[in-house]
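Please have the structure open while I talk.

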Amino acid sequence: RDVTMAAPALVSVLRARAVRAPIMSRCTRAVRCARAFSGAVDGGSGGGVDERGWRVLSGIQPTGVPHLGNYLGALVNWVALQDAAVAAGRGPDSVLLSIVDLHAMTVPHDAESLREQGLGMAAALIACGVDPAKVTLFRQSAVREHAELAWVLGCLTPMGWLSRMTQFKDKSKGKQATAPLGLFSYPVLQSADILVYKATSVPVGEDQRQHLELARDIAATFNSRYGAPCFPIPEAQFVSGRQTRVMSLRTGTTKMSKSDPSPASRIDLDDSAEAIEKKIMRAVTDSEAGITFDPTGRPGVANLLSIAGALSGEDPADLAARMADAQASDLKRHVVGVVEGRVGPIRARINELLDDKAYLVAELEKGEERARGVAAATMREVRDLVGLVNH
């Protein structure tokens, strides 16, 4: 079906579904994704589309099983994008989801662990609803064109642009003399990840906005330098819901993160029911009586309310009003039930998939073949433009 017809129709259908089941999950997120489709085709803010059509690229590092923050902040949006693409009649190469193992090499790593973590991430993504038959799910290192294009783009990216990247400054603070080149040039590889597929839309969080702006600058510079509209200028796609930024259970004020040395700070999607209960019951709150939704004054309580709200569809303020006279322990028990209700089936599916690694490898290889086909076509064009051997 023509995307110009399918996207508006999808908005109507999903809006009707949302009325029947008003939850902040795949349904309402997919409405936003469908609007992005429609806006792209109509030349609106969701766009960046051209004659090549709409294509989205997103990636995640294989740094262990995703946590609840990854799930609510990114993965549910990926599934919504997938569903919107299917409803709009788009093929699996319109949504490319990459397990970016090359990016994971900027820190010391064990080779076998890196390979296993790639499979573990694939299992987690599929368990969360990503369907390899509907999208292109692949490991970055299986597509050599990423690295080749990164070199080409690096040769026209000023070091001054890279030196302004705040993530490099943060991660190399106090150790710039020993920081690896890969950490400094990381955003160039990230740009290559996007541009090698001529992606028009990139789902990003606030922490990646600067890197996407760099990718846009690099694309425009390449097009200008070589006098050809080789790359579309990718647009940021912000698909936010009621809760996209989950905070640490230990602080309530810092983002839930794998880099936190304390496992108690996060809910991993393969955590047992017992582990989930233990972590939430020990989550930071405060000594104030009753339950109120006050992210500034009561960040720990607000974080628990927001987590429950994001998973159940209930507005955190409404939940707080309903539990106004409850104790923090009552709220925590409620959150335990809501979290386990969502994470439990995901955990079971992850374990099931990890018991069949041959299936995971086979599905990844199918995606990698599709990804290579798109990337190879781009690189043939790039090599011709820049004067490299093209056979």
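Let me begin with G129, which sits in the loop between helix 4 and strand 3 (136-139), where helices (H or I, at least four residues) and strands (E, at least two) are DSSP runs, numbered from the N terminus. This is a predicted model, in which local features need pLDDT of at least 70 and side-chain atom pairs count only at pLDDT 80 or more, while totals for chains, interfaces and linings use all residues. Residues are numbered from 1 along each chain as its sequence is written, and side-chain values use heavy atoms, with hydrogens and water left out.

With a relative accessible area of 23%, G129 is partly exposed; on this scale buried means under 20% relative accessible area, exposed over 50%, and partly exposed in between, with a 1.4 Å probe and protein chains only. Leaving aside residues up to four places away in sequence, G129 touches V79 and Q82, a contact being heavy atoms within 4.5 Å. The C-alpha atom of G129 is also 9.9 Å from that of D83, although 46 residues separate the two along the chain.

Of the contacts in the chain with a separation of 6 or more, 75% are between residues 24 or more positions apart.

How do helix 4 and helix 13 cross? Their axes come within 8 Å and cross at roughly 135°, where axes are lines fitted to C-alpha atoms, for helices over the stretch in contact, and angles run from 0 to 180 degrees between N-to-C directions. Helix 4 and helix 13 are therefore oblique to each other, given that angles under 35 degrees count as roughly parallel, over 145 as roughly antiparallel, 65 to 115 as roughly perpendicular and the rest as oblique. Helix 4 passes helix 13 in a right-handed crossing; a crossing is left-handed if the near helix is turned anticlockwise from the far one by less than a right angle, and right-handed if clockwise. The contact is made by L119, G120, A123, A124, I126 and A127 on the helix 4 side, and by I346, R349, I350, L353 and L354 on the helix 13 side. Those residues divide into 9 nonpolar, 1 polar and 1 charged, where Ala, Val, Leu, Ile, Met, Phe, Trp, Tyr, Cys and Pro count as nonpolar, Asp, Glu, Lys and Arg as charged, and the others, Gly among them, as polar.

The other pair I want to show is helix 3 (residues 68-87) with helix 11 (residues 299-312), which pack at an angle of about 50° with their axes 12 Å apart. Here the crossing is left-handed, and the contact is made by L68, Y71 and L72 of helix 3 together with I307, A310 and L311 of helix 11. This contact consists of 6 nonpolar residues, with no polar and no charged ones.

Finally, the charged pairs. Taking a salt bridge as a side-chain nitrogen of Lys or Arg within 4 Å of a carboxyl oxygen of Asp or Glu, the count comes to 18. In one of them E116 pairs with K357, the closest N and O atoms being 2.6 Å apart, and this pair links distant parts of the chain, with E116 in helix 4 (residues 111-127) and K357 in helix 14 (residues 357-386), 241 residues apart. E116 is partly exposed at 33% relative accessibility, and K357 is likewise partly exposed at 34%.
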